[in-house]
Amino acid sequence: MRRIHDSVAYDSERSETFATYEYALPGDDDHIRETLMRDPDGRYFLDCSGGGRSLFAEVLRDGVSRPGRDLIPLQPGEALRWMQDHDCVEAIEAQFPDAIAAGGWRSVVGVTLDAGTRGRATRAAAEAGIGLEAWIVRLVARAVADDDA
């Protein structure tokens with residue numbers, strides 16, 4: 001299946017599968033199948049399908065629903081969260097080895113920044129020679145360091 005989201009083409013036929021979650025039996029109206037994939041450019045997405053009463057059902061003009069399918073792009077943190085929610089330990093170890101801390105899972109926190117702040121933070125991270133996420137982690141660790149004493 002191919003879909004374009006935000007001017008980016010996703011193709012499940014050219015992508016690698018990491019994990020699959022399935023609910024109910026195939027053919028049931030409540031059936032859901034979510035397959036976590038990564039395309040050749042490293043972008044994660046879910047290839048989702050479901051029966052006529054599932055989240056992925058296609059609703060026709062006359063109000064009748066039928067089985068449907070969709071591709072849903074994910075940010076790396078969202079892919080990690082999906083793997084954690086579905087107990088995909090081997091996939092996490094393969095895709096996100098740094099997410100496994102000595103004391104257990106690291107917590108994933110979403111941060112919303114306005115464009116100006118994100119730009120300045122991205123430049124500061126680049127000057128430090130690291131990515132934005134690592135820079136934010138360092139910043140938070142420094143801010144709470146006194147709490148650990």
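Predicted model: local features only at pLDDT ≥ 70, side-chain atom pairs only at ≥ 80, totals over all residues.
Helix H1 spans residues 76-85. Its buried residues are Ala 79, Leu 80, Trp 82, Met 83 and Gln 84. An α-helix has 3.6 residues a turn, so residues three or four places apart point the same way. Asp 87 follows H1 and has a positive phi, near 55°.

The cysteines were examined for disulfides, and the count comes to zero. The sulfur of Cys 48 has its closest cysteine sulfur in Cys 88, at 13 Å. A disulfide requires the two sulfur atoms to lie within 2.5 Å, and the separation of 13 Å is therefore too far for a bond. Cys 88 is likewise in no disulfide, its nearest cysteine sulfur being that of Cys 48. In terms of accessibility, Cys 48 is buried, with a relative accessible area of 0%. Cys 88 also counts as buried, at 12% relative accessibility, because this value falls under the 20% limit for buried residues.

Helix H3 covers residues 115-128 and contains Ala 124. The relative accessible area of Ala 124 is 26%. This residue is classed as partly exposed, because buried residues have under 20% relative accessible area and exposed residues over 50%. Between Ala 124 and Arg 43 there is a separation of 81 residues in sequence. In space, the C-alpha atoms of Ala 124 and Arg 43 are 24 Å apart.

Note on methods
Residues numbered from 1 in each chain as written. Heavy atoms only, no water. Helix = DSSP H or I, 4+ residues; strand = E, 2+ residues; numbered from the N terminus. Buried < 20%, exposed > 50% of the residue type's maximum accessible area, 1.4 Å probe, protein only.
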